[in-house]
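Q: Please take me through this model feature by feature, giving the rule for reading each one before the case itself.

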Amino acid sequence: MTIEVSRAQLRKARLGVYFVALVALIFVIVFSIQVVKGLAGPISSMNWVPIKATLINVYIDEMITTTTRDNRSQYTLYTPRILYKYNTSGQEHTGRKVTWYDIYDDGFMLKLGLELKRKFAASEPVDIFINPKNSAESILIKRVIWEHMSMLLVGFLVSWSVFLWLVYVFIFKLKYKR
């Protein structure tokens, strides 16, 4: 079914599509940057070497967040903060990095923090990964934490889908036909 519209109505429709496409493009850019940041570290560290490290200090950092202005809903989120030492080629190095990006939550990161505190109390070594090209660079968790990336990937796919659909509408559907 085809609806006939005037040039003025078509111009208004195009402006509307421009505006919504611009908003969608902002979401595409934001989600794309976050996805690239979330995947760049794990991809670049695929060939890093595992090694044992000794925990020097472990504590769990807390962040209290609210979802309403009147503070009726409060959530406490956690992330482990660590300091560890390790030896490579006769040199001692220290590291602090747990994951590729700062994550606070009440699930995976809290469990990880409690496990690290247990290992610290028992003086158990932890497995870390070091960069074979620069042994001073290390990390505890080098993989993607899918618990956090899954919602980001959904937003990434939805924003790209909406943006591409709007481009399709603009290019192929909003034409003036006599």
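**Reading the pocket, sheet and helices**

A: The second largest pocket has a volume of about 190 Å³. A pocket is an open set of points on a 1 Å grid over the protein atoms alone, where a 1.4 Å probe fits, with protein on both sides within 12 Å along at least five of seven lines. Grid points are joined across faces, edges and corners, and the volume is the space filled by probe spheres set on the points. The model is predicted: local features need pLDDT of at least 70, side-chain atom pairs count only at pLDDT 80 or more, and totals for chains, interfaces and linings use all residues. Residues are numbered from 1 along each chain as its sequence is written, and side-chain values use heavy atoms, leaving out hydrogens and water.

Q: Which residues that line the second largest pocket are the closest to its centre?

A: Lining residues have an atom within 4 Å of a point. Of the 15 here, Pro80, Arg81, Ile82, Arg96 and Val98 are the closest to the centre. Strand β2 gives the most to the lining, with 5 residues; β1 and β2 each supply at least two.

Q: What is the order of the strands in the open sheet?

A: Strands (E, at least two residues) and helices (H or I, at least four) are DSSP runs numbered from the N terminus, and two strands pair if DSSP finds at least two bridges between them. The order is β3-β2-β1-β4-β5, with antiparallel pairing. Strands β3 (91-95) and β5 (134-139) stand at the edges with a single partner each, so one side of each has no neighbour in the sheet. Between β1 (49-66) and β4 (126-131) there are 5 bridges, and Pro50 stands opposite Phe129 in β4.

Q: Which strands does helix α2 lie across?

A: Axes are lines fitted to C-alpha atoms, for helices over the stretch in contact (heavy atoms within 4.5 Å), and angles run from 0 to 180 degrees between N-to-C directions. Helix α2 (108-121) lies across β1, β2 (74-88) and β4, at about 130° to β1.

Q: Which residues of α3 are buried?

A: Buried means under 20% relative accessible area, exposed over 50%, and partly exposed in between (1.4 Å probe, protein chains only). In α3 the buried residues are Met149, Gly155, Ser159, Phe163, Leu166 and Val169, and they pack against α1 (7-44).

Q: Where is Phe170 found, and what does Phe170 touch?

A: Phe170 is in helix α3 and is partly exposed, at 24% relative accessible area. Not counting residues up to four places away in sequence, Phe170 touches Arg14, Val17 and Tyr18.
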